[in-house]
Amino acid sequence: MVYALKEKWENVIGADKWDYFEACLSAICTLFLKDNKNPLGLIIIGHSAGSKSTILNMFKNLPNGLTHHTDKFTPASFLTQATNVAKDKLQEIDLIRKLPNRVLLVPDLAPMFGRKEQDVRESLSILTRVMDGDGLSNDGGVQGHREFNEECVFVLLGAVVKITPAIWRIVSEMGTRLLFMRMDRINIHSSQNKLLMSQLRNADSFELEISEIRKLVHELISDRIENIGIRKVSIKLPDETELEIISKISELVAKLRITVDREAGLEQNEAPVRVAKQLINILKGRAIVYGRDKIIESDIQLALHIALSSVSDCRGQIVKYAIEKCGEYIKLEEFVSNTSFMSTKLREELNILTQIGIFVEGKEGNANRWKLDDKWEDLALI
C-alpha cells in the first residue's frame, strides 16, 4: 500500500518531496505505539511555495477523527483563561482536552515563531510543558486556577518558512521537545523542470491527482487503525550497531544545541536522552508505515536528516557538509562555497564546534582547516 502511495506521490508531486511527507507520516504513526508516553512535534522548515502546505494538507480530516486542524494557533489556547466564556463552559474550548491520541495540524506556525523574543519564549514554555505529556495547569486573574491532569500523548505537525538565530537559541534552551525537518535549498535542476512542465501541461487534472493521493493516505491510515489500533503495537529496537548510531546522532544533536553565554560560556541545555527517545519513536513510526515490526538500518537516514534540521541552520549545514567529506580536512573557502553562510559566521561556528568536540582543527600553511572528529565517522556510512 505504501509503495503505491510513494509511486503516485513521486509522479505527481516529485521524488524530492517524498522524504518530508514520509517523515510526517512516520510521526503520525507514533500514535500506534503501545508504550509511548511522549508527545512528538515535527515542524517542516522550508521556503515559500516549497510544497509544505501540500504535504500537511494530506493529513486534514484523517479517518476516525484523528486530526485536529487549525489555521490559527497559540499555546495559550491549550488551557484557556478567556474572560468572555462562562467558567462551566471553559472545558469545551480547551485545546489540550481535544488532543489525546490525535494529530494537531498547524500548517503555518509563523505567527508563533515570528513574534518578539519574549513572546516566543512564553509561548514555547507553555508548549514545552504540554509536550511533556503530563497535562497542564495555569492561573489567571479572572478564571483562577485551571488544570488538566490527564496523560496527553499527541502529534504536532506544522510548518514555518524561517526561524531566526535568536529564536533558535530559545528553542535550544527549551530542550528537544520539538523536532524539525529542513527542506533543501532551492536548486532548480532538469528533473524539477520536467516535473514542473508536466504539472503545467496537466493543470486541469492536477487537483484530481492530489485528491487521489489524499485518498491513498487515508486508506493507509485506516488500514493501520484497523489492523494495529491506536496505542496498541510494540516495535522492536534495531540491532546493536544501528542502536549505537542512533545514540551517536542523539549526542550530536545535544552538542549542536549548545548555546554561548557571554558570562557562563558554553552551555549544554540537556542530555541526549530525550532526543534519543523522540528519534527512536519516529523511526518506529516509519517501521509502521512500511508494515514492519522492527527498526532497520534503512530507517536511520531519517534520524540523521531530522537531527541536522533540529539545530541552527548554520551548524546543520556545516556538519552535513563535513559528514559528506568525512576524513578530509576542509578549508574555510569550501564551507563558504557549500553552505549559505559567509566566512565570518562560519569561522565563529567552526571554532565553537571544535571546542565541543565535533571538529578537529589543522593547518595548511597559514590557513586553518577543519575535519569531522573521528568519533563521528560512523555517520558518514548512513
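Visitor: Which residues does Glu 242 touch, not counting residues up to four places away in sequence?
Guide: Happy to start there. This is a predicted model, where local features need pLDDT of at least 70 and side-chain atom pairs count only at pLDDT 80 or more, while totals for chains, interfaces and linings use all residues. Residues are numbered from 1 along each chain as its sequence is written, and side-chain values use heavy atoms, leaving out hydrogens and water. With contact meaning heavy atoms within 4.5 Å, Glu 242 touches Glu 297 and Ile 300.

Visitor: Which side chain of opposite charge is nearest to Glu 242, and how far away?
Guide: Glu 242 sits in helix 9 (residues 240–256), helices being DSSP runs of H or I of at least four residues, numbered from the N terminus. Glu 242 is buried, that is, under 20% relative accessible area with a 1.4 Å probe, protein chains only. Glu 242 has no salt bridge, which would take a side-chain nitrogen of Lys or Arg within 4 Å of a carboxyl oxygen of Asp or Glu. The nearest side chain of opposite charge (Lys and Arg count as positive, Asp and Glu as negative; His and the chain ends are not counted) is Lys 294, at 6.7 Å.

Visitor: Is Arg 286 buried or exposed?
Guide: Arg 286 lies in helix 10 (residues 273–289), and its contacts beyond four places in sequence include Glu 22 and Asp 299. Because its relative accessibility is 12%, Arg 286 counts as buried.

Visitor: What is the relative accessible area of Thr 339?
Guide: Thr 339 is in the loop between helix 13 (332–338) and helix 14 (343–355). Leaving aside neighbours within four places in sequence, Thr 339 is in contact with Arg 185, Gln 317, Ile 318 and Leu 346. Thr 339 is buried, with a relative accessible area of 6%.

Note on methods:
Helix = DSSP H or I, 4+ residues; strand = E, 2+ residues; numbered from the N terminus. Buried < 20%, exposed > 50% of the residue type's maximum accessible area, 1.4 Å probe, protein only.
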